[in-house]
Amino acid sequence: MSTFTQLIYHIVFSTKNRMRSLELQHKERFLSYICGVIKNDKSHVYQINMVEDHIHILCSIHCQTNVSEFVRHIKNATNTFNKREKLFPMFEGWQKGYGAFTVNWKEKHRLVEYIKNQEDHHKRYDFITEYKRMLKDFGVCYEEKYL
């Protein structure tokens, strides 16, 4: 018998100290690179977007890959890519940790739209407000000092 899964993850992680160091003029190139990393991991991106201080990825991960390895690989690959290409001179790396939330297949379209519209969304809400809301919506207990 084969292995079948339908797990969709909404993954969010921020720049070190939430520094606004991801310059949007290089956004397409950077996100394209991340999509390639994910595809090479035999995983699938439904939507990806970024603003200056964090990234959202809506994806399915290969059934033999765990989430922490997946995120670590993306962070390491993008650090190396940025050092080589010098896209973001102020970028010092990624904050430790990440958020990963499984979402219902029926919610996929709504989340694709939400992630597409990050620039507009963040005209009203900063990252930490958004992240706290996500944690609350997904029933995740947290301590403020770890945000």
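**Entry 1: the chain as a whole**

I began with burial and noted that 42% of the 147 residues in the protein chain are buried, where buried means under 20% relative accessible area, exposed means over 50%, and partly exposed lies in between (1.4 Å probe, protein chains only). The model is a predicted one, in which local features need pLDDT of at least 70 and side-chain atom pairs count only at pLDDT 80 or more, while totals for chains, interfaces and linings use all residues. Residues are numbered from 1 along each chain as its sequence is written, and side-chain values use heavy atoms, with hydrogens and water left out.

I then listed the elements: the protein chain has five helices and four strands, these being DSSP runs numbered from the N terminus (helices H or I, at least four residues; strands E, at least two). Read from the N terminus, their order is β-α-β-β-α-β-α-α-α.

For overall dimensions, I recorded that the C-alpha trace spans about 50 × 35 × 30 Å along its principal axes. The radius of gyration of the protein chain is 15 Å, which agrees with the value near 15 Å for a compact globule of 147 residues; this radius is taken over C-alpha atoms, and the globule rule is 2.2 Å times the number of residues to the power 0.38.

I also looked up contacts, meaning heavy atoms within 4.5 Å. Of those between residues at least 6 apart in sequence, 73% join residues at least 24 apart.

**Entry 2: helices α1 and α2**

I examined how α1 (residues 27–40) packs with α2 (residues 67–85): the angle is about 135 degrees and the axes are 10 Å apart. Axes are lines fitted to C-alpha atoms, for helices over the stretch in contact, and angles run from 0 to 180 degrees between N-to-C directions. The two helices are therefore oblique to each other, since under 35 degrees counts as roughly parallel, over 145 as roughly antiparallel, 65 to 115 as roughly perpendicular and the rest as oblique.

Which residues of α1 and α2 make the contact? From α1 I noted Arg29, Phe30, Tyr33, Ile34, Val37 and Ile38, and from α2 Phe70, His73, Ile74, Ala77, Thr78, Phe81, Arg84 and Glu85.

I followed one of these, threonine 78, which lies in helix α2. Threonine 78 is buried, with a relative accessible area of 1%. Not counting residues up to four places away in sequence, threonine 78 touches Phe30, Tyr33, Ile34 and Trp94.

**Entry 3: the loop between α1 and β2**

I found lysine 42 in the loop between α1 and β2 (44–51). Is lysine 42 buried or exposed? Lysine 42 is exposed, with a relative accessible area of 64%. Its phi is near 60 degrees, a positive value in a residue other than glycine. I note for context that most residues other than glycine have a negative phi.

Serine 43 lies in the loop between α1 and β2 and, at 11% relative accessibility, counts as buried. Leaving aside neighbours within four places in sequence, I listed Ile38, Ser60, Ile61, His62 and Phe70 as contacts of serine 43.

I placed asparagine 17 in the loop between β1 (8–14) and α1. Asparagine 17 has a positive phi, near 55 degrees, and is exposed, with a relative accessible area of 60%.

Lastly, I looked up lysine 108, which lies in helix α3 (residues 108–116). Beyond its neighbours within four places in sequence, lysine 108 is in contact with Ile8, Tyr46 and Leu58.
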